[in-house]
Amino acid sequence: GSAKIIEKKREFLFPCSHHFYKNPPQIVRGEMQYLFDSQGKQYLDFFAGVSVMNCGHCNPEILEASIAQMKTLQHTTTIYLNQPIVDLAEKLSHVLPGDIKHSFFCCTGSEANEGAILLARLYTGKNGIISLSNSLHGRTYLTMSATAIPMWRVDPALDTSVTIVPNVYSKDKPLDEAARDSLKEIEKVIQSKGADNFAALIIEPIQGNGGIITPPKWYFKELKTLLEKNKILMIVDEVQTGFARTGKMFAIENYDVVPDIITIAKALGNGMPISAFCANDEIASAFTKPSASTLGGNPVASSTSIAVLDYIEKNNLCEVAEKLGAKLKTGLLNLKEKHPLISDIRGLGLMLGAELLKENGEPASEETDLILEGLKDEGILLGKNGLGRNVLAFQPPLVITEDDVELVLSKLDKILCNL
Ligand code: PMP
């Protein structure tokens, strides 16, 4: 059972490795929106391995492409030409926003963000990076420095080139006002340290780990204008939000803004490790020195990602996320009326968060854990995030049905009634 795994984990993994649940299920098998534990118990997965399995677990159509490639050619590095990596880059250019066309493939979201920051420095000839409170951008030295969530920072590992500014979240102010204040603070920082000191601002369109923090419609346009005025690039981190999750292929499309650099990972490979930073002709041309990632965009990962893009298109996953997301949001708003523990519902498409606050306004972290445990016992796996680990995160595979949404809402209602 799970006790043995926890014991082994304690003995052989690093002490920093982290898991959900006091008594975590030992997951042994996945099938589309379902996971199964070692006892044969079925779970409806509403977290998708943190927004990775958008096309479902062990999706047969995608597996077919991975296995066929695995049997033909697994790896060469980019030193030799291969078809899948260029086909994937071409396919991505058709769905990436605006004139973004070139991709540099690597393996993780952290690497993609690290590369994006390097590219911004090469293009602008400047060094400083602006990042926002509640952000998570990775665990390499620089991307951890750009990560503002205290839980995910190891504080000696701080690079002083990163300046953290307030995001749009405030418990005490309406969203629009907090968003205005965020822009004012960003402008202040640029003025006080000088526009010449900043290469880029890096931002998640919707902050995932930070608590599904969702800026108002107008925010990104004004932010882009401010950055352009100061010749600072906008790096949009779509690691968690990309690939139909929010009802659009990329979340930034909800805001009608074309970023300078976009980073993608997680759902691109639907479980295969692949990521990329992407830019237009002009910006990509700043990176001319030979560079390669040994495993980045290898044939198996690339062929899988091509199948992912085909599957998203063929099955209209953007529409599914929008339609079922609307249904889930309506249901959650109804639960908010009924249960005062729920203080806010936010997000877009099937990336929704329910913030839980105690009567005194403090994060309801223990209650969040109790709800997660209760849902697990009922056969539903939900996520949690936010600075106080008090936001229920609904980010299911985009292959769920209306019945799945109704089931989650009714079980959540029952648990909240009995809390
Ligand atoms: N950016 C965002 C928005 C993320 O959510 C994450 C991971 N949760 C990362 C970057 C880092 O990605 P990885 O763990 O693949 O390095």
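Analyst: What follows sets values against definitions, one label at a time. Keep in mind that this is a predicted model.

User: Why is helix α3 called roughly antiparallel to α10?

Analyst: Start with the angle. Helix α3 (residues 60-72) and helix α10 (residues 299-314) have axes that cross at roughly 155°. Angles over 145 degrees count as roughly antiparallel. Therefore α3 is roughly antiparallel to α10. The two axes come within 8 Å, and α3 passes α10 in a right-handed crossing.

User: Which residues make the contact of α3 with α10?

Analyst: From α3 come E61, I62, A65, S66, Q69 and M70. From α10 come P299, V300, S303, T304, I306, A307, V308 and Y311. They divide into nine nonpolar, four polar and one charged.

User: What makes α11 and α13 roughly parallel?

Analyst: Again, the angle decides. Helix α11 (residues 317-338) packs against helix α13 (residues 402-418) at about 15°. The label roughly parallel needs an angle under 35 degrees. So α11 and α13 count as roughly parallel to each other. Their axes lie 10 Å apart. This crossing, of α11 past α13, is right-handed.

User: Which residues of α11 and α13 make the contact, and how do they divide by type?

Analyst: On α11 they are L324, K327, L328, G331 and L335. On α13 they are E402, V405, L409, L412, D413 and L416. The contact holds seven nonpolar residues, one polar and three charged.

User: How do you know which strands are the edges of the seven-stranded sheet?

Analyst: Look at the order of this open sheet: β4-β10-β9-β8-β7-β5-β6. β4 (102-106) and β6 (162-165) each pair on one side only, and these are the edge strands. Pairing in the sheet is mixed. From one strand to the next, the twist averages 20°.

User: How do you know that β5 and β6 pair?

Analyst: Count the bridges. Two strands need at least two bridges to pair. Strand β5 (residues 128-132) and β6 have four, in the parallel sense. L132 stands opposite V165 in β6.

User: Which helix lies across β5 and β6?

Analyst: That is helix α7 (residues 175-193), which also lies across β7 (198-203). α7 runs at about 150° to β6.

User: What makes β2 and β3 a pair, and in which sense do they run?

Analyst: The threshold is at least two bridges. Strand β2 (residues 34-37) and strand β3 (residues 42-45) have three, in the antiparallel sense. L35 stands opposite Y43 in β3. The hairpin of β2 and β3 has four residues between the strands, and G40 there takes a positive phi near 85°.

User: How many bridges join β3 to β13?

Analyst: Two bridges join β3 to strand β13 (residues 380-381). I380 in β13 is the bridge partner of L44.

User: How many residues surround the ligand, and which are the closest?

Analyst: The shell has 15 residues, and the closest are T108, G109, S110, V239 and Q240. Helix α5 (residues 109-124) gives the largest share, three residues. By type, the shell divides into four nonpolar, nine polar and two charged residues.

Definitions and conventions
Residues numbered from 1 in each chain as written. Predicted model: local features only at pLDDT ≥ 70, side-chain atom pairs only at ≥ 80, totals over all residues. Near = placed C-beta within 6 Å. Nonpolar A, V, L, I, M, F, W, Y, C, P; charged D, E, K, R; others polar. Axes fitted to C-alpha atoms, helices over the stretch in contact; angles between N-to-C directions. Parallel < 35°, antiparallel > 145°, perpendicular 65-115°, else oblique. Left-handed = near helix turned anticlockwise from the far one by under 90°. Contact = placed C-beta atoms within 7 Å.
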